[in-house]
Amino acid sequence: MDKEKIEQAVRLFLEGIGENVDREGLVDTPRRISNMCEEIFAGLEDDASKYLSVTFEAQNNEMIIEKDINFYSMCEHHILPFYGKAHVAYIPNGKVVGISKLARTVDVFAKRPQIQEQMTAQIADAIMEELGAKGAMVMIEAKHLCMSMRGIKKQDAQTVTYVTRGEFTSNVDLQDKFFNLVK
Ligand code: ZN
């Protein structure tokens, strides 16, 4: 990550909105933001395969579901936060991962400039590819600041997205099971 470039850009941006970049409250802001970017965009330099490649032999191949995984992301259209919960399920094909690795996978894709629909699909695809799972289903419920603090100003609107892969796509009963479990 080019922190110098970020700091230059923040100074330009502040000038652009008509601020005095040398006043006390703003003088360290470019540095604060460049440090923050390392954290909130850490997913750009991270890879889900790092977390999903350490697997264990599955004892059974029933659906595994990790729900209510909190995340924070940044909408790539406005660079404003969207945040909420991700629910991740998969059907193993002989291999499982540690539960915390599913949350790590959510973070890899959340900590990037994102759109919710794409993030939902990327999590499911990573699980299918890295684990060779028989199926995967991911649902994300999120609030978008670009919907609530600007534009149409809908405070409580939530955006819900989900994707199905493999057995989940063809089996509506499995999808219903998933929806019941995350309720
Ligand atoms: Zn937006």
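## Surroundings of V160

Leaving aside neighbours within four places in sequence, V160 is in contact (heavy atoms within 4.5 Å) with Q116, M139, I140 and E141. V160 lies in strand 7, residues 159-166; strands here are DSSP runs of E of at least two residues, and helices are runs of H or I of at least four, both numbered from the N terminus. Between V160 and E141 there are 19 positions in sequence, yet their C-alpha atoms are 4.5 Å apart in space.

V160 counts as partly exposed because its relative accessibility is 45%. Under this scheme buried means under 20% relative accessible area, exposed means over 50%, and partly exposed lies in between, with a 1.4 Å probe and protein chains only.

## Basis of the model

The model is predicted: local features need pLDDT of at least 70 and side-chain atom pairs count only at pLDDT 80 or more, whereas totals for chains, interfaces and linings use all residues. Residues are numbered from 1 along each chain as its sequence is written, and side-chain values use heavy atoms, with hydrogens and water left out.

## Helix 5

Q116, a contact of V160, is one of the buried residues of helix 5, together with M119, T120, A121, I123, A124, A126, I127 and L131. The 16 residues of helix 5 should span 22 Å at 1.5 Å a residue, and the 23 Å between its end C-alpha atoms agrees with this; the expected span is 1.5 Å times one less than the number of residues. Just after helix 5, G132 adopts a positive phi of about 60°.

## Packing of helix 4 on helix 5

The axes of helix 4 (residues 99-110) and helix 5 (residues 116-131) come within 10 Å and cross at roughly 135°, so helix 4 is oblique to helix 5. Axes are lines fitted to C-alpha atoms, for helices over the stretch in contact, and angles run from 0 to 180 degrees between N-to-C directions. Angles under 35 degrees count as roughly parallel, over 145 as roughly antiparallel, 65 to 115 as roughly perpendicular and the rest as oblique.

On the helix 4 side, L102, T105, V106, F109 and A110 meet M119, Q122, I123, A126 and I127 of helix 5. The residues of this contact comprise eight nonpolar, two polar and no charged.

## Overall architecture

The protein contains eight helices and seven strands, and its C-alpha atoms fill a box of roughly 60 × 35 × 20 Å along the principal axes. Of the 183 residues, 38% are buried. Among contacts with a separation of 6 or more, 69% join residues 24 or more positions apart.

Definitions and conventions: Nonpolar A, V, L, I, M, F, W, Y, C, P; charged D, E, K, R; others polar.
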